[in-house]
Amino acid sequence: MIAASVIAEVVSMLHAASAADLVNWTEAELYGYMNRQLQFAHARANYLTQVQTLAGFSAATANLAADQVSIIEVVWNGKVLLRRTVSQMDSLSATWETDMEDEPVAAIYEQQGSSIIRLSPIPALAGTLEIVYRATAPTLAAVNSLAVPQCVDVIVTLRTLADANLKDGRWQFEESASFANALADIMESAAKIYYGEAA
Amino acid sequence: MTRAELRAKTLGFVEEDTAQTFRYISDTDANNAISMALRIFCFLTLCSETTGTVVLLAGEAHTLILEDLPNLILPLRVTVGGTLLYRSSLERISALASGWRNDPNPPERYAMAGANAIAIHPIQSSAVVVTITYTRFAPALTADGHVPDIPTEDHDFIAEGAAAIIVGTKLGGQGDAIAEQRLKNFFTGIKRRADWVRERNKMNRFEAMPAEVSKEALKKLLESFK
């Protein structure tokens with residue numbers, strides 16, 4: 001997806017030959033709508049999978065990458081850790097939060113919200129922690145592009161147009177926004193089936 | 001049909017007089033709408049396919065795929081050295097063998113991680129070339145002589161879809177019964193081709209099927225033209 005191409009197409013749909021000709025919007029507004037919809041799209045379907053690698057790791061908790069939407073799996077020295085909840089760990093051991101062994105067995109995702117995971121037992125020896133996660137998209141400027149399936153181009157173009165039209169939200173602006181959102185919904189439903197949901 | 005022919009048909013559908021000096025719908029608008037209709041058609045029917053390769057390095061659990069295969073929608077058939085791999089998921093592979101990332105063995109199965117990465121299980125001890133037959137977005141039409149890489153009998157539907165997209169996005173289509181019919185025709189064409197692809201994929205034992213467009217979603221789309 002090339003950010004400048006998406007914006008150029010939206011500008012054309014808004015009856016302007018170029019961004020400078022826009023009457024009711026600025027180019028910066030359109031980029032704002034586009035980036036917001038790009039991140040919403042990545043919060044709904046799994047377009048991007050990333051791996052966060054922490055070499056030489058030996059702490060009880062790890063901060064997750066800022067762009068993570070949800071975790072697929074947590075790997076320690078090449079071995080996938082069991083996924084556990086706090087209540088499951090409480091039922092297994094009263095001291096799980098301070099238990100220490102050479103290697104962790106489980107990863108607890110929910111104890112401290114969605115930005116930190118905890119390992120149990122705490123690893124006594126340093127190892128490589130890899131977190132495979134569903135990622136959101138970065139904020140794109142005109143010079144940027146993103147390696148995602150082309151359905152994202154279509155979805156984000158339509159939803160950016162809808163957001164721009166809803167700024168006014170009357171008459172044909174509202175009709176155009178309804179059409180764009182409904183068509184984007186159809187594409188997004190298919191994307192969730194093909195690639196899985198993000199959260 | 002070439003892009004020029006598609007454009008002429010699309011502009012005819014929206015009753016744009018191309019001889020006029022002042023144009024409400026430009027050639028660029030029509031080309032963009034054709035491009036969008038083509039991508040929607042390919043995505044919802046999975047009718048365009050090709051074969052490509054990616055390299056998985058020694059010891060690598062998964063590799064990014066979209067840089068090498070930028071038009072990819074879904075893999076249909078994955079082989080390594082002529083061996084057909086079965087489709088799985090990361091969760092199932094990890095449930096089978098939690099230490100699979102450390103244990104090289106002949107390849108048996110693959111999993112897509114989202115839309116951009118592929119994993120091969122077991123992990124490989126040397127670099128392997130993974131051959132993927134996959135559905136794709138048809139190559140972009142960048143010149144007037146280009147022909148969409150989809151069945152010829154579906155080209156008319158692209159023009160109908162493009163016309164509906166122009167009306168819906170630029171003009172707001174409320175009360176436009178003709179544009180509503182064009183949109184219905186476009187999705188009729190999509191359903192017909194998707195049904196055909198499903199039967200073909202079953203016969204070929206391909207593992208990806210076109211997603212069904214729900215009646216509720218299509219009804220909501222058509223209501224935006226009422």
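Residues are numbered from 1 along each chain as its sequence is written, chains are lettered from A in the order in which they are written, and side-chain values use heavy atoms, with hydrogens and water left out. Since the model is predicted, local features need pLDDT of at least 70 and side-chain atom pairs count only at pLDDT 80 or more, while totals for chains, interfaces and linings use all residues.

**Cores**

Let's start inside. A nonpolar core here is a set of buried Ala, Val, Leu, Ile, Met, Phe, Trp, Tyr and Cys residues joined through side-chain atoms within 4.5 Å. Buried means under 20% relative accessible area, exposed over 50%, and partly exposed in between (1.4 Å probe, protein chains only). The largest core has 108 residues, and the members that touch the most others are A:Leu30, A:Tyr47, A:Tyr195, B:Ile40 and B:Phe43. Helix 5 (residues 171-195) of chain A is its biggest contributor, with 12 residues; helices (H or I, at least four residues) and strands (E, at least two) are DSSP runs, numbered from the N terminus. There is also a second, separate core of 17 residues, with B:Ile65, B:Leu69, B:Val80 and B:Ile118 among them.

What does A:Tyr195 contact, leaving aside its neighbours within four places in sequence? Counting heavy atoms within 4.5 Å as contact, its partners include A:Tyr47, A:Pro149 and A:Cys151, plus B:Phe43, B:Leu72 and B:Ala115 from chain B.

**Pockets**

A pocket is an open set of points on a 1 Å grid over the protein atoms alone, where a 1.4 Å probe fits, with protein on both sides within 12 Å along at least five of seven lines; lining residues have an atom within 4 Å of a point. Volume is the space filled by probe spheres set on the points, which are joined across faces, edges and corners.

The largest pocket holds about 530 Å³. Among its 24 lining residues, A:Ile2, A:Ser5, A:Asp153, B:Ser35 and B:Arg39 sit closest to the centre.

**A closer look at A:Ser70**

A:Ser70 is in strand 3 of chain A and is buried, at 13% relative accessible area. A polar atom of its side chain lies 2.3 Å from the backbone oxygen of A:Ala198. Beyond four places in sequence, A:Ser70 also touches A:Tyr133, A:Arg134 and A:Ala199.

Most residues other than glycine have a negative phi, and most peptide bonds are trans. Here are the spots that go the other way.

| Site | Feature | Value |
|---|---|---|
| A:Ser120 to A:Pro121 | cis peptide bond | omega near -10° |
| B:His121 to B:Pro122 | cis peptide bond | omega about -10° |
| B:Glu15 | positive phi | near 60° |
| B:Leu46 | positive phi | about 55° |

A:Pro121 is in the loop between strand 8 (116-120) and strand 9 (122-123) of chain A, and B:Pro122 is in the loop between strand 6 (117-121) and strand 7 (128-136) of chain B. Are B:Glu15 and B:Leu46 buried or exposed? B:Glu15 counts as exposed, because its relative accessibility is 68%, whereas B:Leu46 is buried at 0%.

Conventions:
Polar contact = N/O pair within 3.5 Å; in protein donor to acceptor, adjacent residues only side chain to side chain.
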